[in-house]
Structures are given as C-alpha cells and as structure tokens.
Amino acid sequence: MPSRRLPEVEEPTIAKPTERVVAIVYDGMLILALLFLVGTVLTVIGTLLTMQAGTQSAEAQSLPTWYQNSIMTPSFVLTLVGFYGLFWRRGGQTLGMQTWRLKTVNSTGHLLTWGQSFKRIFAACLIPLLCGIIGSVIDGSRAVLLASIFLGWIFNYVFCLFNPRGLAVQDMLSNTITLKMPKLEHEGLWSGFKNRKQNKT
C-alpha cells in the first residue's frame, strides 16, 4: 500500500515591499482616526486652559506655540508608538499586517519589546526626517517639505529591492524583520490575544 506523502510545510519569507506599503496604508486610516481623536481632545483641553476671558475670536483660533510643541506633538508621537508597540508586542501584527499575513519579530524570532518597537519606529522615521530637513533647507515651502518626507518614506522600501536579503532600512537599523507568514501557520490577531491571555493564567 503506497504511503501518503505529507504536505510540505511552508516557511516564513521576507515580506515584499509592496505588501508592507499596502499594510501601512490599511493601518494609516486607523492611525489618522486615532490622531484626529487625540488632537480634538487636546485642542478642547488646550482651549479651555489657555483662552483668557475677553479674548477676541480671531485670537482664539490657534493654540499657543508652547502648548502645541510640548503637549500636542509628544502626544501624537506617543499615540503612534503606542499603536504599533501594542500590536507588535501582543501578536507581532497590526490590523493591516494581519490582512496580508505579515508579522514583525526581532532577530531571534520573538515578539518585540517596547524598546525594540520604539527603536524600529524611530528607524523608520529617520530617513524621511533627514529628507524633510534637506527639503526645508532647499525650499522652505510646505509642499516641498511634505514631498521630501514622502520620498524618504518610499526610500525605506525601495531599499528592499537592492538589499540582498530584501530588508528595509528600519529592519537593518533596529535589528528586526517583517515576515510573510504561511497560511497554515498564520494566527489571527484576536486569536493571538486570546491565546496569550490563556497562557498567562
């Protein structure tokens, strides 16, 4: 009687740049909603705290620079770090990454810590930030600044095409990696939350 041949087990592979970008676009919609919510709440709080009685409406349309720089900007950064850090630490996947079966892990294959998550986010922002500075020096207009930041962001993933292992800039700088998981081994995001909760009990 002929023996049955066991199906070959797929191995995780390095995620392609196009899949990474699409996943980020998916997550971007949720991140924008979160930033809008945080910005709205902070704007209301800032208006109540900084608006003086008798101030004209034209003067009350913008918040003080110190409030924007010391309160709002750090809050936006913490929102971004918290979003990715929470998902990466829990299951290695954001909602967009889950759709494309992508998973971010460290060099040993384990889920990222908060420190590693922050390092990866900083690494992903480094090239766009440098490009933005160069763009602002060349031309101080907002259009050139945004275009420079966008080109820097695209460079992070175009770099994958020239790297022998297919790694992005943030992969190399943070010593992490984003994998494309096989269908059979892929675990849903909410299943990951549930299983980790059961393992702790």
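In which helix does I154 lie? I found I154 in helix α5; helices here are DSSP runs of H or I with at least four residues, strands are E runs of at least two, and both are numbered from the N terminus.

**Basis of the entries.** I note that the model is predicted, that local features need pLDDT of at least 70 and side-chain atom pairs pLDDT 80 or more, while totals for chains, interfaces and linings use all residues. Residues are numbered from 1 along each chain as its sequence is written, and side-chain values use heavy atoms, with hydrogens and water left out.

**Confidence.** I looked up pLDDT, the predictor's confidence in each residue from 0 to 100. The protein chain has a mean of 83, and 81% of its residues reach 70 or more. Where pLDDT is low, the predicted coordinates should not be read in detail.

**Architecture.** I recorded seven helices and three strands, in the order β-α-α-α-β-α-α-α-β-α from the N terminus.

The C-alpha atoms of I154 and P17 are separated by 9.6 Å, although the two residues stand 137 apart along the chain. S148 is also found in helix α5. S148 has a relative accessible area of 13% and is therefore buried. Leaving out residues up to four places away in sequence, I listed C131, G132 and G135 as touching S148 (contact: heavy atoms within 4.5 Å).

**Largest pocket.** I define a pocket, on a 1 Å grid over the protein atoms alone, as an open set of points where a 1.4 Å probe fits, with protein on both sides within 12 Å along at least five of seven lines; lining residues have an atom within 4 Å of a point. The largest pocket holds about 1,300 Å³ of space, taken as the space filled by probe spheres set on the points. I counted 37 lining residues, with L80, Y84, I121, C125 and W153 nearest the centre. Helix α4 (114-138) is among the elements that supply at least two lining residues, and α4 gives the most, eleven. By class, the lining has 28 nonpolar, six polar and three charged residues (nonpolar: Ala, Val, Leu, Ile, Met, Phe, Trp, Tyr, Cys and Pro; charged: Asp, Glu, Lys and Arg; polar: the others, Gly among them).

Notes. Buried means under 20% relative accessible area, exposed over 50%, partly exposed in between (1.4 Å probe, protein chains only).
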